[in-house]
Number of protein chains: 2
Amino acid sequence: MADIAIDHRDAEDIRRRQLVQATIESIADVGFAACTLSDIAKRAGVSPGLFAHYFGDKDGLLEATLRSMAARLGRAAAARLRAARRPRDRIQAIIDVNLASEEFDRRTSSVWLAFWGQVIHSARFKRVQNIYQRRMLSNLRHALKQIVPHGDAEPIAIGISAMIDGLWLRATLSGDFELDSARARA
Amino acid sequence: MADIAIDHRDAEDIRRRQLVQATIESIADVGFAACTLSDIAKRAGVSPGLFAHYFGDKDGLLEATLRSMAARLGRAAAARLRAARRPRDRIQAIIDVNLASEEFDRRTSSVWLAFWGQVIHSARFKRVQNIYQRRMLSNLRHALKQIVPHGDAEPIAIGISAMIDGLWLRATLSGDFELDSARARA
DNA sequence: TTATGAGTTGAATGGCCGTTCAACATCGGC
DNA sequence: GCCGATGTTGAACGGCCATTCAACTCATAA
């Protein structure tokens with residue numbers, strides 16, 4: 001009985017992931033405006049009606065998608081931070097994970113950008129984005145406090161994260177993937 | 001006769017500007033997804049049918065809106081650059097104009113962000129964005145070549161513009177307007 | 001074999017979108 | 001005072017959207 005319950009959980013989770021993945025692909029391909037449930041359903045090979053069962057409504061699906069992307073980035077960051085001991089390495093780890101080609105590819109980037117355009121107008125999205133943002137800033141600040149005077153940590157942390165976002169945004173908008181990340185280390 | 005023709009031009013222009021302004025306000029208020037012609041029409045105090053007359057279709061209106069915002073920023077930059085003689089001042093002028101509170105307010109920022117989410121999926125938007133982007137980079141590069149070794153100008157220009165975008169993006173997303181622009185000068 | 005129920009379907013529904021267009025207002029030239 | 005052009009209206013239209021739900025599938029339990 002317990003096994004069955006766990007199996008159901010697993011099956012549900014797999015399905016959810018599949019639907020979220022199809023959503024990411026849809027947004028990446030056609031953009032936020034043209035992303036419809038029918039389109040996502042076609043990509044996932046399911047019926048449009050299924051989304052109601054797993055996510056309630058479209059907004060729920062989108063929130064789950066944003067959460068999934070934030071969680072993925074969070075896991076990647078945690079893994080890299082675990083391997084970095086010195087404060088300097090931890091800062092570098094945060095920079096690297098945000099500009100890693102894996103999180104940085106055209107598809108993923110365009111989806112982040114699409115969500116950001118909506119973040120201001122959706123309390124649900126804003127909440128998710130704030131959580132991720134705060135954690136990154138906090139990680140940076142903590143590492144910085146060990147190698148610079150305390151008063152300097154905050155503004156430098158803001159500067160670094162701004163640099164990350166800027167390079168990332170620039171690369172996404174202009175469409176060419178340079179290795180500017182190396183330059184961010186100056 | 002010539003006078004009448006000019007009057008018509010002026011009247012058309014005023015109307016166009018009014019409609020574009022209403023579009024900006026609508027996107028700023030409700031976001032790209034919820035921005036409809038009916039909503040814009042209500043804000044402008046006109047009938048929804050009027051947009052067809054002035055812009056053909058909704059896409060034409062949106063392109064005109066993006067063009068208008070880019071032109072506004074371009075004019076502001078040109079004005080500041082005209083007043084700056086030394087290369088150092090010209091670089092500062094470019095930074096300042098992009099982070100000026102006037103272009104930087106919540107409304108305008110959110111509209112830029114909304115458009116950027118769509119830029120990847122619209123050739124029309126991409127064209128407008130590229131023009132503005134190239135000009136800013138070119139201005140930076142030109143000024144930089146006069147105060148740093150030639151080979152360094154390009155990467156530094158990219159770094160500065162990334163920093164501008166990043167600070168701007170960060171402020172827009174987090175909703176508080178700090179004077180980090182001062183820090184960008186480090 | 002049959003009954004059960006979770007998982008899934010896809011056609012139907014109602015609503016709102018962008019677009020169209022015949023009709024209407026406004027007004028300077030005759 | 002009439003006319004034609006210019007500018008504008010707003011109801012009508014077709015289409016596509018998210019959402020709903022009765023019906024279906026198919027393992028598994030009895």
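This is a predicted model: local features need pLDDT of at least 70, side-chain atom pairs count only at pLDDT 80 or more; totals for chains, interfaces and linings use all residues.
The element that gives the most here is α1(B), with four residues. Sorted by class, the surface near DNA strand D holds seven nonpolar residues, seven polar ones and four that are charged.

Let me turn now to how the two protein chains meet, where 31 residues of chain B are in contact with 31 residues of chain A. On the side of chain B that touches chain A, at least two residues each come from α7 (106–119), α8 (123–144) and α9 (150–174) of chain B, and α9(B) gives the most, with 14 residues. What classes do the residues on this side of chain B fall into? They divide into 16 nonpolar, eleven polar and four charged residues.

Finally, a few words on chain A by itself, which has nine helices and zero strands, so that you can follow the order as α-α-α-α-α-α-α-α-α when you start from the N terminus. Chain A has 186 residues, and 32% of them count as buried. As for its contacts, if we take those in chain A with a separation of 6 or more, 56% are accounted for by residues 24 or more positions apart.

Key
Residues are numbered from 1 along each chain as its sequence is written. Chains are lettered from A and ligands numbered from 1 in the order in which they are written. A residue is buried if 20 or more other C-beta atoms lie within 10 Å of its own, exposed if 12 or fewer, and partly exposed in between; C-beta atoms are placed from the backbone. Two residues are in contact if their C-beta atoms, placed from the backbone, lie within 7 Å. Ala, Val, Leu, Ile, Met, Phe, Trp, Tyr, Cys and Pro count as nonpolar, Asp, Glu, Lys and Arg as charged, and the others, Gly among them, as polar.
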